[in-house]
Amino acid sequence: MDAVQFLIHQHRQLEQYLSEALDTRSEEDKQIFFNNIADHLAAHIAVEEQVFYPAVHAKWTEYDLLLSLEEHLSLKRLVTDLSALQSNEQTFHPKLKVLMEQAVHHHRVEEEYLFPKVNTLMNAAERATLGQEMQDMQHRIYRQGDVRETVKQTDEAAPLI
């Protein structure tokens, strides 16, 4: 699958999960949704930071990548905060709402600014090869388990490799 299309698909999936979590009235379901969101987001961020961003790093994508890394840091911090809460705690739902708003903003910025540059920078075959590498990494992350543990680094943004 094309790397850009792979990431866009993940963006829509995450937005759907967040919407469902915010809409549910059941505290138990909200916690289940959040666990799924945290895993999905952790794997997505890892794939972007370790495979996608290094592959598309060029002089004219650098600012967009640095911005994305800072946004990832904010998302990681929210996931870490939410992981320490129970879904029935007073601040859980507001933090989840902020997570959705920040994730949607991050997705739009990548899709409107970074991805068009990537589509120019790489041809379809290169994006397909990169997409396969990203899918392979995501499968490895899920097989290893404890996916959420990958977002624990919240003291500073990941470096642009």
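Analyst: Let's start with F34, which has a relative accessible area of 1%, so this residue counts as buried. The cut-offs go like this: buried is under 20% relative accessible area, exposed is over 50%, and partly exposed is in between, using a 1.4 Å probe and protein chains only. F92 is buried too, because its relative accessibility is 0%.

A quick word on where this comes from. This is a predicted model, with residues numbered from 1 along each chain as its sequence is written. Local features need pLDDT of at least 70, side-chain atom pairs count only at pLDDT 80 or more, totals for chains, interfaces and linings use all residues, and side-chain values use heavy atoms, leaving out hydrogens and water.

Now for the rings. The structure holds 3 aromatic pairs; rings of Phe, Tyr and Trp (its six-membered ring) pair if their centres lie within 6.5 Å, with planes under 30 degrees apart called stacked, over 60 edge-to-face and the rest tilted. F34 and F92 make an edge-to-face pair, because their planes sit at 85 degrees, with ring centres 5.7 Å apart. This pair joins distant parts of the chain, since F34 belongs to helix α2 and F92 to helix α4, 58 residues apart. (Helices here are DSSP runs of H or I, at least four residues, numbered from the N terminus.) F52 and Y53 make a tilted pair, because their planes are at 55 degrees, and their ring centres are 6.1 Å apart. F52 and Y53 are both buried, and together with F115 they form one aromatic cluster.

F52 leads us on to the nonpolar packing. A nonpolar core is a set of buried Ala, Val, Leu, Ile, Met, Phe, Trp, Tyr and Cys residues joined through side-chain atoms within 4.5 Å. The largest one has 24 residues, and those touching the most other members are F52, V56, L114, V118, L130, M134 and I141. Two or more residues come from each of α1, α2, α3 (62-83), α4 and α5, and α2 gives the largest share, 8 residues. Another core lies apart from this one, with 20 residues, including I37, L75, V79 and M100. In soluble globular proteins, nonpolar side chains tend to be buried together.

Next, follow L130, M134 and I141 into α5, where they are among the buried residues. Seen down the helix axis, the buried residues of α5 fall within an arc of 165 degrees, so they line one face; the arc uses directions from the axis to the C-beta atoms. They pack against α1 (3-23), α2 (27-56) and α4 (92-121). On the face turned away from that buried side you'll find the exposed residues A125, T129, R143 and Q144.

Q135 in α5 is buried as well, because its relative accessible area is 18%. Leaving aside residues up to four places away in sequence, Q135 touches M1 and F6, where a contact means heavy atoms within 4.5 Å.

For a contrast, look at N88, in the loop between α3 and α4. N88 is exposed, because its relative accessibility is 58%. Its C-alpha atom is 8.6 Å from that of E28, 60 residues apart along the chain.
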